[in-house]
Amino acid sequence: MISVRAGGGRILIGKQLLPKTGKKCQALAPFRQCALISDRNVARLFADWIIQSLTSSGFRPTLITIPAGEKSKTLKQVRAISDRMIAAGLDRKSFVIGLGGGMIGDISGFVAAIYHRGIPHVQIPTTLLAMVDSSIGGKTGVDTRAGKNLIGAFHQPSLVIDDVDVLKTLPRRQFNQGFAEIIKHAIIADAKMFEQLKVARASGLRRASGTHALLSVIKRNIQIKSRIVAKDERERTGHRALLNFGHTVGHAIERAGNYRKFLHGEAVSLGIVAACAISEKRAGLPADQRGAIVDLLGRFGLPTRLSRKFPRNKILDAVKFDKKFESGKIRFVVTPRIGTAYVADNITITDIREAVEKL
Ligand SMILES: NC(=O)c1ccc[n+]([C@@H]2O[C@H](COP(=O)([O-])OP(=O)(O)OC[C@H]3O[C@@H](n4cnc5c(N)ncnc54)[C@H](O)[C@@H]3O)[C@@H](O)[C@H]2O)c1
Ligand SMILES: [Zn+2]
């Protein structure tokens, strides 16, 4: 088992950790009650193990499940969950465990942030994306009709338990989308990991023989993200913005596809391709490095081209909706070479249009 410190809490990475949940939570709460929040897919797979482990360590867990999918990340569900917690008698000295992907991580974290003005949050991520991205950094929240993640709070998890065994049941597309964020981290901060990924493959990392390599990839990504977040925890200095590499166009593609056509990581993959074209034009990214990035995304089963029929105008409209263009310029993360990135302020909508048209 690997242990990493991040955001004031601890992150455990390993195999067969779920049956140890109770033990790992011992240090957390003076009282014994906790809410185990999950979605119905994930609860069916793993909740029993965790309840058993918590109970045998003397905890009294209350299982609360909500339907799977982004549509559950709402204030309505926050209220329903909180009502259940109140009815179960959870007080200021109880804690929340979120068991699931990023959706559950975000909503359970938000509940933990506001319940009795804040109680500890434990995350048990069950998707690769949640392990390498959403469980780190302390951003929690829900969506509203006007947009994603518009209501939320910063609330760092006290403990994160990454058990790679849970990834075995994760559908392939869900597994692969985690690599969009992993490749993003390599591009902005770690040229060496980029080289390592070139010799790995998603299918190899999924096999039992690839477990060691997968554990070290997860650890490395946690370190990269938590280091960037530590420099700018509340998103004030702009450093955290580096994590948005590929996301300006990525978010716009997600939106243009009505959040149905692409998973987040797939849209980000396309966003990275666009950001690389812009980086080549404006930041001197060598063409062969741009090629290597596109190649690597493809090798992890991620899309790098948009179908001819996909409406490019809708993407541009979504970029404009999302971003403020000050005198025609936008703040946009570029990479001058693999392993580094910075926020450029000279990118124009024309640069973005050209890059999107080439996709
Ligand atoms: N807080 C942050 O910093 C941050 C960062 C990135 C993304 N996010 C959020 O994360 C969410 C996306 O996360 P996600 O991609 O993990 O989606 P998700 O939580 O919706 O999970 C995707 C699907 O996989 C299923 N699933 C999860 N684990 C499984 C497993 N082990 N086996 C089988 N099925 C499993 C779920 O039931 C769900 O249907 C979005 O809401 C996004 O806004 C937050
Ligand atoms: Zn992302």
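Biologist: How are α3 and α4 placed to each other: parallel, perpendicular or oblique?
Modeller: This is a predicted model. The axes of α3 (residues 75-87) and α4 (residues 102-114) come within 10 Å and cross at roughly 60°. Angles from 65 to 115 degrees would count as roughly perpendicular, and those under 35 as roughly parallel. The two helices are therefore oblique.

Biologist: In which hand does α3 pass α4, and which residues of α4 make the contact?
Modeller: The crossing of α3 with α4 is right-handed. On the α3 side, L75, Q77, V78, I81 and M85 take part. On the α4 side, the residues are I107, F110, V111 and I114.

Biologist: How do the residues of that contact of α3 with α4 divide by class?
Modeller: Charged residues are absent from it. One residue is polar, and the nonpolar ones number eight.

Biologist: Why is α7 called oblique to α12?
Modeller: Look at the axes of α7 (residues 191-199) and α12 (residues 287-299), which come within 10 Å. α7 is oblique to α12 because the axes cross at roughly 50°.

Biologist: Which residues of α12 meet α7, and how many residues of the contact are charged?
Modeller: The pass of α7 over α12 is left-handed. F194, L197, K198 and V199 of α7 meet A292, I293, L296 and R299 of α12. By class, six are nonpolar and none is polar, and the charged residues number two.

Biologist: At what angle do the axes of α6 and α11 cross?
Modeller: α6 covers residues 172-189 and α11 covers residues 264-282. Their axes come within 7 Å. α6 passes α11 in a left-handed crossing, and the angle is roughly 35°.

Biologist: How many residues of each class does the contact of α6 with α11 have?
Modeller: α6 brings R173, Q177, A180, E181, K184 and I187. α11 brings H264, G265, E266, V268, S269 and I272. By class, the nonpolar, polar and charged residues each number four.

Biologist: Which residues are closest to ligand 1?
Modeller: The ligand has 27 residues around it. The closest are E70, G102, T126, T127 and T169.

Biologist: How far from an oxygen atom of ligand 1 is the polar side-chain atom of T127?
Modeller: Take D39 and G102 as well. A polar side-chain atom of D39 lies 2.9 Å from a ligand oxygen, and a backbone N or O atom of G102 lies 2.8 Å from one. For the side chain of T127, the distance is 2.7 Å.

Definitions and conventions. Residues numbered from 1 in each chain as written. Chains lettered and ligands numbered in written order. Predicted model: local features only at pLDDT ≥ 70, side-chain atom pairs only at ≥ 80, totals over all residues. Heavy atoms only, no water. Axes fitted to C-alpha atoms, helices over the stretch in contact; angles between N-to-C directions. Helix = DSSP H or I, 4+ residues; strand = E, 2+ residues; numbered from the N terminus. Parallel < 35°, antiparallel > 145°, perpendicular 65-115°, else oblique. Left-handed = near helix turned anticlockwise from the far one by under 90°. Contact = heavy atoms within 4.5 Å. Nonpolar A, V, L, I, M, F, W, Y, C, P; charged D, E, K, R; others polar. Near = heavy atom within 4 Å. Polar contact = N/O pair within 3.5 Å; in protein donor to acceptor, adjacent residues only side chain to side chain.
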